[in-house]
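Hi everyone, and thanks for coming. Let me put today's structure on the screen, and then we'll walk through it together.

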Amino acid sequence: MCIRDRSYRMWAGQLSRATGYRVLLVEYRLAPQHRLPRGVDDCVSAYKWLLDRVPPARIMVAGDSAGGGLVCLALQRGRDLGLPPPAGAVAMSPWLDLSNSLPSHDSNLKRDMSISAPDAFEKMSKLALEENVE
């Protein structure tokens, strides 16, 4: 899973107990200290490490919010590198439109309880994408 927050450890433990499978939490680099694609690099590196140990047919990748977006970007990067795809992927509420230009940006803004400031996505995009962040 592409997860940055250590609070996910409890959730991962519960998921592991419920499914009987092992769960790998990937601690990836974050903006503003590290802009994209550093987090993608970390997730792809973790996937390569996992491929050395587990057949891809036994791997699921998942992430939520920014981690969900990283799952999608890491899958694209893996495809471009010729890596075998995992058995499946789950992107929970992924942030996919860092340009904030799709119609859903405006239509969902009022329904998204996690974002209270109207310009929050623009500020977060700037942190993730710009090379020199003040």
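Before going on, a word on what we are looking at. This is a predicted model, where local features need pLDDT of at least 70 and side-chain atom pairs count only at pLDDT 80 or more, while totals for chains, interfaces and linings use all residues. Residues are numbered from 1 along each chain as its sequence is written, and side-chain values use heavy atoms, with hydrogens and water left out.

How confident is the predictor? The score here is pLDDT, the predictor's confidence in each residue, from 0 to 100. The mean for the protein chain is 84, and 87% of its residues reach 70 or more. Confidence is highest in helix 2, at 95, and lowest in helix 5 (residues 120-129), at a mean of 73. Where pLDDT is low, the predicted coordinates should not be read in detail. When I say helix, I mean a DSSP run of H or I with at least four residues, and a strand is a run of E with at least two, both numbered from the N terminus.

Now back to Arg38. Its side chain meets that of Asp41 in a salt bridge, at 4.0 Å from N to O. By salt bridge I mean a side-chain nitrogen of Lys or Arg within 4 Å of a carboxyl oxygen of Asp or Glu. Both residues lie in helix 2, three residues apart, which is about one turn of the helix. Asp41 is partly exposed, with a relative accessible area of 23%. Arg77 joins in as well: Arg38, Asp41 and Arg77 are linked in a network of salt bridges.

How many salt bridges does a search of the whole structure find? The search finds four. One of them pairs Arg29 with Asp42, with the closest N and O atoms 2.8 Å apart. This pair links distant parts of the chain, since Arg29 is in the loop between helix 1 and helix 2 while Asp42 is in helix 2, 13 residues apart. Asp42 counts as buried at 17% relative accessibility, whereas Arg29 is partly exposed at 34%. Another salt bridge joins Arg79 and Asp80, with 3.0 Å between the closest N and O atoms. Here Arg79 is exposed, at 55%, and Asp80 is exposed too, at 56%.

Let's turn to the nonpolar side of things. A nonpolar core is a set of buried Ala, Val, Leu, Ile, Met, Phe, Trp, Tyr and Cys residues joined through side-chain atoms within 4.5 Å. The largest one has 15 residues, and Cys43, Tyr47 and Ile59 touch the most other members. Helix 2 (38-51) and helix 3 (66-81) are the elements that give two or more residues to this core. Helix 2 provides the largest share, seven residues.

Which aromatic residues pair up? The search of the whole structure finds one aromatic pair. The ring centres of Tyr8 and Trp11 are 6.4 Å apart and their planes are at 90°, so the pair is edge-to-face. Rings of Phe, Tyr and Trp (its six-membered ring) pair if their centres lie within 6.5 Å; planes under 30 degrees apart are stacked, over 60 edge-to-face, and the rest tilted. Tyr8 and Trp11 sit three residues apart in helix 1 (residues 8-19), about one helical turn. Tyr8 is partly exposed at 23%, and Trp11 is partly exposed at 35%.

Finally, some backbone details. Most residues other than glycine have a negative phi, and most peptide bonds are trans. The bond from Leu36 to Pro37 is cis, with omega near 15°, and Pro37 lies in the loop between helix 1 and helix 2. Ser65 has a positive phi of about 55° although it is not a glycine; Ser65 lies in the loop between strand 1 (60-64) and helix 3. Ser93 also has a positive phi, near 50°, and is found in the loop between strand 2 and helix 4 (103-109).

Definitions and conventions
Buried < 20%, exposed > 50% of the residue type's maximum accessible area, 1.4 Å probe, protein only.
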